[in-house]
Amino acid sequence: MLFVTIKQRLHVKDIEDLPDGSAARYFSPRQTRRERQANIVLKTDLPAKKARKLGEDASTDRKNNKHTKIGSATIVECSIVPKYELDNKINVISVKTKTENFDIVPKLELVNKIVISAIKSEPDSPTKVPKCEIDERIKTEVDSPNENWWQQLENVRLMRSERAAPVDTQGCHQCADKDADEKTQRFHKLVALILSSQTRDETTFEAMNRLKARSLTPTSIQQMSVAELEKLLHPVSFYKSKAKYVKQTAEILIDKYNGDIPNNIKELLKLPGVGPKMAHICMATAWNQITGIGVDTHVHRIANRLAWLKKPTKEPEQTRVQLEGWLPRHLWAEVNHLFVGFGQTICTPLRPNCKGCLNKDICAASTAIKKK
């Protein structure tokens, strides 16, 4: 206790740190710092003589320990730890770093009948699409003016799937109130088609939202003045004429069809402001019946550019007649939606993006071919 107290008070760690003349009083002269580093620490609970004896024995044991060299490691055999026989087969001790094992993916076999295997990464740098194989049944039954029509159709499908167009979210089929009953939804689609003539989808969609905010039904339109309708429809193209068409149509529907719309082309075409394109699209979207191809300005333009017609046409109705003459009936509903969106995004009326079109090498109207 006296040794510990004096050592703490003097803040010393070894015998050499004590003042001169004090070392012999509190420490054994045989135990210097160097000697204690070479020997094991003495057990403080043993007498000094016995503790020094244990330290000498331990130092002798360390000198007699057997050192075995294996690779870069050294094994020391000591008397404290039991001796183990080494396996003769162990030659090298290696450390394995952490690795991850991955299963080898088997080589995939390509399907010979893949139609489209390329995906365009950017609109202005299209991936070349391999020539697709047309179904033999379609090939024999279809007498198309263009032998590449199926390849062109597949390319348009691919381009449309990669890039959304206004018609996808704001087309006439999206203008109906989805919470309304089916009868009201059919009326909404008919009104949207009347407003869509020579009008952008965005403008038609906004006008329909204003009408629906005022409760768009045949009865509400009948009770509304033409001047009020004009304000709601503006800036739709020819909004004054279309306001009269919508009001007259609402009155006819109430008088003859119990507030519903006709379910056939003949009766639809009798309504004010309804043409063949509107009537066929209305039958498809409102009644789920395919009666013809809805040819608007986009379908008319693209069909002529792709040479899908035996003779160039000047009017959409002429284009519709020629397309229905050879295009398979199950494609009639799809071709309108595809070509409208394609015409809004890539094959635009002015300055079409031929460089970013997958049909640039198989389209007679492509500016990319003319530049070569």
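Reader: How many aromatic pairs does a search of the whole structure find?
Author: The search finds 5 aromatic pairs in the whole structure. This is a predicted model: local features need pLDDT of at least 70, side-chain atom pairs count only at pLDDT 80 or more, and totals for chains, interfaces and linings use all residues.

Reader: Which kind of pair do the rings of Trp 149 and Trp 150 make?
Author: Planes under 30 degrees apart count as stacked, over 60 as edge-to-face and the rest as tilted. The ring centres of Trp 149 and Trp 150 are 5.4 Å apart. Their planes stand at 85°, so the pair is edge-to-face.

Reader: Which helices does the pair of Trp 149 and Trp 326 link?
Author: The ring centres of Trp 149 and Trp 326 are 5.2 Å apart with planes at 80°, so this pair is edge-to-face. It joins distant parts of the chain, 177 residues apart. Helices are DSSP runs (H or I, at least four residues; strands are E, at least two), numbered from the N terminus. Trp 149 belongs to helix 6 and Trp 326 to helix 16.

Reader: Are Trp 149 and Trp 326 buried or exposed?
Author: Buried means under 20% relative accessible area, exposed over 50%, partly exposed in between (1.4 Å probe, protein chains only). Trp 149 and Trp 326 also belong to one aromatic cluster, with Trp 150, Trp 308 and Phe 339. Both Trp 149 and Trp 326 are buried.

Reader: Which arginine lies over the face of Trp 287?
Author: A charge sits over a ring if NZ of Lys or CZ of Arg is within 6 Å of the ring centre and within 35 degrees of the ring normal. Arg 157 lies over Trp 150, at 5.5 Å from the ring centre. Over Trp 287, at 4.3 Å from the ring centre, lies Arg 186.

Reader: Which residues does Thr 184 touch, not counting residues up to four places away in sequence?
Author: Thr 184 sits in helix 8. At 16% relative accessibility, Thr 184 counts as buried. Contact means heavy atoms within 4.5 Å. Leaving out residues up to four places away, Thr 184 touches Leu 216 and Thr 217.

Reader: How many disulfides does the structure hold?
Author: A disulfide is a pair of cysteine sulfur atoms within 2.5 Å. The sulfur of Cys 354 is 6.5 Å from its closest cysteine sulfur, in Cys 363, too far for a bond. For Cys 357 the nearest cysteine sulfur, again that of Cys 363, is 6.6 Å away. The number of disulfides is 0.

Reader: What part of the protein chain's residues count as buried?
Author: The protein chain has 18 helices and 2 strands. Of its 372 residues, the buried part is 38%.

Conventions: Residues numbered from 1 in each chain as written. Heavy atoms only, no water. Phe/Tyr/Trp six-rings, centres within 6.5 Å; stacked < 30°, edge-to-face > 60°.
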